[in-house]
Amino acid sequence: MSKRIGIIVGSLRESSFNQMIANSIPELVDSAEYEYISIANLPLYNADLDHEEGPDPVKHYREAIEKTDGILIVSPEYNSGIPGVLKNALDWASTPTKTAVLIHKPAGVIGATPGAKGTILSQQQIRQTLDATLSYVMPAQKMYISQIMDKIDSDTRKLTDDTTRKYLQRYVQSFLQWINQVQRLNE
Ligand SMILES: Cc1cc2nc3c(=O)[nH]c(=O)nc-3n(C[C@H](O)[C@H](O)[C@H](O)COP(=O)(O)O)c2cc1C
């Protein structure tokens with residue numbers, strides 16, 4: 001049976017490069033099913049709202065993650081770190097403490113930037129947060145996409161750089177293997 005991968009994009013921007021990268025994944029690896037899990041309507045985390053299933057957008061968001069075999073985060077870097085909207089979303093997925101949907105969930109991290117350093121600092125913080133949620137972040141491979149403007153077609157806004165396409169394809173293929181490894185670990 002094909003794996004179901006949830007994709008969470010850490011940018012709410014309509015013309016987001018990271019959303020564009022996320023959108024290119026299904027055609028690169030078509031052996032999996034994908035669901036884009038929006039974080040746009042989540043309220044700011046407030047423990048006073050976090051009882052039973054939480055507010056409706058939180059309930060739907062948690063259910064969407066629950067149904068996946070693994071989560072890919074595709075995110076920009078803001079001020080040398082994790083974008084606030086993404087941290088907020090990961091916090092909502094980290095409770096209730098004993099039954100949170102990220103516990104033992106395979107996770108991968110990808111990031112794109114017009115800058116030179118490929119979201120390294122943001123990805124460090126995303127990994128740190130995911131570690132705290134007890135999800136299993138794929139350890140070995142990293143997917144840093146720098147100078148994204150040079151790697152897309154400016155008219156179609158599609159990822160055209162062959163090397164990046166190949167790396168991305170390999171990353172997602174490895175992530176599918178990582179899901180299998182984690183599922184064996186979870187048995
Ligand atoms: C508030 C803010 C802070 C930013 N800080 C960084 C940064 O630390 N490192 C970086 O590579 N790009 C930084 N950028 C530039 C983003 O990488 C760029 O806006 C990118 O296009 C955002 O991702 P998106 O296209 O997916 O929305 C920053 C942008 C904003 C708006």
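Biologist: Which residues are around the ligand?
Modeller: Counting heavy atoms within 4 Å, they are Ser11, Arg13, Ser16, Phe17, Asn18, Pro76, Glu77, Tyr78, Asn79, Ser80, Thr113 and Pro114. This is a predicted model: local features need pLDDT of at least 70, side-chain atom pairs count only at pLDDT 80 or more, and totals for chains, interfaces and linings use all residues. Residues are numbered from 1 along each chain as its sequence is written, and side-chain values use heavy atoms, with hydrogens and water left out.

Biologist: How does that shell divide into nonpolar, polar and charged?
Modeller: Four are nonpolar, six polar and two charged.

Biologist: What lies 2.8 Å from a nitrogen atom of the ligand?
Modeller: An N or O atom in the side chain of Glu77. On the backbone, an N or O atom of Phe17 is 2.9 Å from a ligand oxygen atom, and one of Ser80 is 2.7 Å from a ligand oxygen atom. The protein covers 68% of the 620 Å² of accessible area (Shrake-Rupley method, 1.4 Å probe) that the ligand has on its own.

Biologist: Changing topic, is Thr119 buried or exposed?
Modeller: Thr119 counts as buried because its relative accessibility is 1%, where buried means under 20% with a 1.4 Å probe and protein chains only.

Biologist: Where is the place of Thr119?
Modeller: Thr119 is in the loop between β4 (106–112) and α4 (120–132); strands are DSSP runs of E, at least two residues, and helices runs of H or I, at least four.

Biologist: And what is Thr119 in contact with?
Modeller: Leaving aside neighbours within four places in sequence, Thr119 has contacts (heavy atoms within 4.5 Å) with Ser75, Pro76, Glu77, Gly111, Ala112, Thr113 and Tyr144.

Note on methods:
A polar contact is a pair of N or O atoms within 3.5 Å; within protein, one must be able to donate a hydrogen and the other to accept it, and residues adjacent in sequence count only if both atoms are side-chain atoms. Ala, Val, Leu, Ile, Met, Phe, Trp, Tyr, Cys and Pro count as nonpolar, Asp, Glu, Lys and Arg as charged, and the others, Gly among them, as polar. Buried means under 20% relative accessible area, exposed over 50%, partly exposed in between (1.4 Å probe, protein chains only).
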